[in-house]
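Let us go through this one by question and answer. Start with the fold, then move on to the contact and the charged pairs.

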Amino acid sequence: MAAPSKTVQDGRTGIVGRFDAFIGEDNSIKHALGVYGALTLYFIWFLVPILWLALSTIKTGSIIQADELIIIPSIEQITFANYEMVLTNPQFQTMFFNSIVISVSTTILTLIAGVLGAYSLSRFSYPGRKSLLIAFMATKMLPPALILIPFFIMMYTLNLVNSYTGIILAHCVRALPLALWLLKGFFDDIPEALDEAARIDGCSHLKVLYHVIVPLAKPGIAVAAFYTFVTSWNDFLFVSILSQGDSTRTLPFGLYLFQSANTVNWGATLTAATLTAIPSIVFFALVQKYIVKGLASGGMHGS
Amino acid sequence: MATPHKEQPRLQQLRRFVTEAKWFTQETWIGIGLVVPATLMMMVIIVYPTVRAIWISFHSRSFLQLDQVQWVGLANYQQLLEDPVFSQALLQTVFLTVGAVVTMYLLGLGLALLLKENLPGLGPLRSISMVSWVIPPVVIVIIWSWMLEADYGLINLISQMFGGPNRSWFGTKTWALPLVTMLRVWKDVPFVAIALMASMQSIPQEYYEAAEIDGAGRLQKFRHITLPNITYISMIMIVIETIAAFNSFQMIYIATGGGPVNRTEVLGTYVYQQAFQEYALGYASAVGTVMLVLLTIFTVVYIKLEDTE
């Protein structure tokens, strides 16, 4: 979202106009340089590691582990062998598939429970509604490490260790409270007159939800879906306990095992890491314009 | 609403009352019904395990023989008091939490002030700055392990150019804890910054204009307009980040596993280690319960804050 523009008194727009207006107003190019300077410092700390990761993945093995500083590799030093090796690795493929299945199922389930729950919390009044809302938020604060122990015993008893179901359930519940709050925030912004009108026309609640609320709250649903997906995709804790073999292992946990078993092959580790990060980043890029609004309507946080 | 008939007004009223009451109770039940799936999930997978974990903390129980459970009362808690690693982990958790939250807030505030400026090129930076918040924690650790790798890591290569040391930084006793704290900060600063920026942008421009007429400088405008208007969101961010930092587990576990020599052991990693490596379920649960008690304080503050909104 752009900052409210206080420019263009003289009719000039675009970069020049904004610059002019800015300097005219504050009478100091020094200030502008100061802002850029400070941002440069911050972004060195922030972006250099990410760029260094990305750059390392296309270097040949001997260049990755060279003991001299090679910032931009020459043409002969560039290779896509790391990507080929990782992408054709059957273990990587299985983990990628597991990650997709688990994250997508988590997102769908959370959205169903979340949309129904948020509609109820936003539109109905019944005793205990407020406490329920607070209880949902409070569960987000519980130490996951504490819950993990009985949760594992429970899954063990139900024979759900090393199954998709156990992991998906755990992920759903990790994401649900926040998804619910986010959705409720977005639903509250939809005028109630709209669904009342639909009700008078004879729509049932589910129809109102489907035909009125959901289409209008699409940005909110997108943010909730993003948040849930990322929670599930990035999770390490629950998978590390519930996944006891290749058949349910997801990328973050696999990456950890790979890295700790194999610190020599940095090329493969870094490439697998890059590929693991990409889905979350792509999803983020798709919904980022709605996220600021989501942030404003309630704390939104991944751990 | 239908207009009541003129004849038999009482009967009409009664009938209307009955239908409305019927409609109302029906509505209430539908409302409750809709929230049941979410509530049920939370009850089964969060509330029940929490209560159960507290219960387990009064027992001696091992993962090796799940069916052998022995009531030991407060013995686990007594053991905590005598356990030097626990007190070290508690102290380190406090260090990490305070260090991470203070740094994160100050940097986030600075970044928000910079990014909200109306200068060309800042729009894309606002989006790009969020990336670290989305990257999987495992990947963040790998990125920084790679940056700090002995011999080949970028930091060491640069350090050597200036005649500095070349070491495996996560393995040093002095640097390990500050470094894992830094990872947290690196991950969440953009989140704090964007939230603060969103709140700053909702401050009416007229406030600033009025202050300018009164001759307020940049610093005065910040102190008397910006700061008071972002107090609420600042509090929320500080409480959320405190809870998250206090619960730290993933990145530390992956980066150092609690080492070297327990130097990065925090309560989160200690619970995990006791439960899933030492199989001491009762003891691990006791550590977790202590975390829960300490966290409750912050949770109450958080709920109070959300409630005032």
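**Fold, interface and salt bridges**

Chain A has 14 helices and zero strands. The model is predicted.

Me: What share of the 303 residues of chain A counts as buried?
Reply: The cut-off for buried is under 20% relative accessible area. Chain A has 303 residues. The share of them that counts as buried is 54%.

Me: How much area is buried between chain B and chain A, and what part do carbon and sulfur atoms give?
Reply: The contact takes 105 residues from chain B and 108 residues from chain A. B:Leu34, B:Asn118 and B:Trp146 supply 8% of the area that chain B buries there, more than any other three residues. The buried area is about 9,700 Å², and carbon and sulfur atoms give 78% of it.

Me: Which side chains meet in a salt bridge across the interface of chain B and chain A?
Reply: The rule finds one salt bridge across this interface. The cut-off is 4 Å, so the pair qualifies.

Me: Which helix of chain B gives the most residues to the side that touches chain A?
Reply: Across the interface, 12 residue pairs are in polar contact. The helix that gives the most to the chain B side supplies 22 residues. That is helix H1 (residues 9-56).

Me: Why are A:Asp188 and A:Lys184 separated by about one helical turn?
Reply: The two form a salt bridge, with the closest N and O atoms 2.8 Å apart. A:Asp188 is partly exposed at 38%, whereas A:Lys184 is buried at 14%. They are about one turn apart because they lie four residues apart in chain A, helix H8 (residues 164-188).

Me: Is B:Lys221 buried or exposed?
Reply: B:Lys221 forms a salt bridge with B:Glu212, the closest N and O atoms being 2.8 Å apart. B:Glu212 is partly exposed, at 39%. B:Lys221 has 16% relative accessibility, so this residue counts as buried.

Me: How many salt bridges does the structure hold over all chains?
Reply: One joins A:Asp246 and A:Arg249 at 3.2 Å. B:Arg184, B:Lys187 and B:Asp188 are linked in a network. Over all chains, the number is seven.

Key. Residues numbered from 1 in each chain as written. Chains lettered and ligands numbered in written order. Predicted model: local features only at pLDDT ≥ 70, side-chain atom pairs only at ≥ 80, totals over all residues. Heavy atoms only, no water. Contact = heavy atoms within 4.5 Å. Buried area = accessible area lost by both parts, 1.4 Å probe. Polar contact = N/O pair within 3.5 Å; in protein donor to acceptor, adjacent residues only side chain to side chain. Helix = DSSP H or I, 4+ residues; strand = E, 2+ residues; numbered from the N terminus. Buried < 20%, exposed > 50% of the residue type's maximum accessible area, 1.4 Å probe, protein only.
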